[in-house]
Amino acid sequence: MNSPIHLIAAHDGGNGYMKDAIDGKRYIFPSIMSTVIDNANNKINKKDKNAISSLLNNFQENMDVTLQSNGIKKNGRYLVGNSANTSNNIVLGFNVNSNEGKSSSDISIICLLTLLAYTSLNKFYSKNGELPENLTVEVDKMVTALPIDEIKIPGEREKYINRFLHQHIVTINNFSTPIQCVINFNKVDVQPEGVIGQYGLIGDPHNINNYRKDDIFNDLKKKYGFKKFTGENIEKIGPVISIDIGDGTIDFSVLNGVSPVPRINSSVLLGVGNIVEEAVMNLRQKYPTYGQLNRQNFMKIALRGGDKESAAFLSFIDKPIILLEQQIEEKVKSIFAKLSNQVGLIVISGGGSPLVKKYYEKDFDNIINTLMPFGAAATLWVPARYSQFLNLDGLEFRLNHM
């Protein structure tokens, strides 16, 4: 019997993309999967070391698993992430137009279990140079997040934690002899989205003793003429409004230092994913050849920029995104009123923020200037290369302190 593989994990199960850190190494892949009905596929011989190495070096493109767990509702065989994207099967993702919360969906848990299984197999093979017959994986500690309004429901955090505290069996199907991984979680913590992202701005997620001081603040310093700005400023600047724009929700939170301001944190059940779903539907009606396009691929093309196709995709967002902007404006006005307009900084992040910034940055600045006529708070639009990972930054910071 092989010795257990021990891991620690930070898991940000986004409606659009999974963002994970396993033993400090980061992974990102689409939050999608597809049910496998036809079992025929190319199996790798367990003696073919070149094929094994090639697959494990690129396993995020080849995740094919069978799950057996009391922590999920629909056990079965799935292609996960990019494997689902390139299959001919029907792709399943978070339904951003439904009222189902993340805590009750199988998708986030299935994606995480799959990633943990492949990560553990890769770790074993790198050490031993051969594939095991089976693996036991002990996740010594794991931290994840839920939308603010969802985590506020009595008992919801505990119910979600309990979904992990089962024995999960994940069978990896890529090989001539499938490999069974038994996964156990020993300690699970659930934090509110948005709030945890602000901790990722204060502290360095990779060094628990340092304030954050990388180039995430460069645009802010340039726009407002700050000579210096670090995570220490975030902690000491006064009430900080955080707006986390996701695929299916927008989370609004306020921290003063490291303490959440009571009775303000909340969510809106509307995100960029809802806007993009409508845009995809309208695109398909006008250009039926895009019939198989999902919202993740739509976003890649729309934000690519510099070409006719990208500009056309963006044109389908022009009208529906106004609904999202209105939701943000009304929520911000309400928060300002509760804070008597005493705001030190506004932070806008999340996977949907780069798209919203394209349309809304100037109008948003005008709103803040109107609300604060004696000197407006600065607004940090977290740069695109960081915006999608801010919650993960905070979760890693939290993980290091567990």
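**Close-up views of a predicted model**

**Figure 1. Strand β8 is the main contributor to the lining of the largest cavity.** With three residues, β8 gives the most to the lining of the largest cavity in this predicted model. The structure holds one cavity of 30 Å³ or more, and the volume of the largest cavity is about 30 Å³. The elements that give two or more residues to this lining are β1 (5-13) and β8 (134-146). The residues that line the cavity are His11, Gly13, Lys102, Ser108, Thr144, Ala145, Leu146 and Tyr160. By class, three of the lining residues are nonpolar, four are polar and one is charged.

**Figure 2. The largest nonpolar core has 52 residues.** In soluble globular proteins, nonpolar side chains tend to be buried together. Within the largest core of this model, the residues with the most contacts are Val80, Leu116, Phe175, Ile183 and Phe185. Helix α3 (residues 107-128) gives the most to this core, with 13 residues. When neighbours within four places in sequence are left aside, Leu116 is in contact with Leu7, Ala9, Ile22, Val139, Ile183 and Phe185. Apart from this core lies another, of 45 residues, which includes Val276, Phe313, Val332 and Ala377.

**Figure 3. Ser69 is a buried residue in a loop between two strands.** The loop that holds Ser69 lies between β5 (63-68) and β6 (76-80). Ser69 counts as buried because its relative accessibility is 4%, and buried means under 20%. The side chain of Ser69 reaches the backbone nitrogen of Gly71 at 2.9 Å. Not counting residues up to four places away in sequence, Ser69 touches Asn75, Gln167 and His168.

**Figure 4. The second largest pocket is lined by 34 residues.** About 520 Å³ of space lies in this pocket. Among its lining residues, Tyr17, Asp247, Gly351, Gly352 and Gln388 are the closest to the centre of the pocket. Two or more lining residues come from each of β2 (17-22), β12 (240-245), α9 (272-286), α10 (295-304), α14 (384-387) and α15 (390-401). Of the elements, α10 gives the most to the lining of the second largest pocket, with five residues. By class, this lining has 10 nonpolar, 14 polar and 10 charged residues.

Key. Residues numbered from 1 in each chain as written. Predicted model: local features only at pLDDT ≥ 70, side-chain atom pairs only at ≥ 80, totals over all residues. Heavy atoms only, no water. 1 Å grid on protein atoms, 1.4 Å probe; cavity = no way out; pocket = protein on both sides within 12 Å on 5 of 7 lines; lining within 4 Å. Points joined across faces, edges and corners; volume = space filled by probe spheres on them. Helix = DSSP H or I, 4+ residues; strand = E, 2+ residues; numbered from the N terminus. Nonpolar A, V, L, I, M, F, W, Y, C, P; charged D, E, K, R; others polar. Core = buried A, V, L, I, M, F, W, Y, C linked by side-chain atoms within 4.5 Å. Buried < 20%, exposed > 50% of the residue type's maximum accessible area, 1.4 Å probe, protein only. Contact = heavy atoms within 4.5 Å. Polar contact = N/O pair within 3.5 Å; in protein donor to acceptor, adjacent residues only side chain to side chain.
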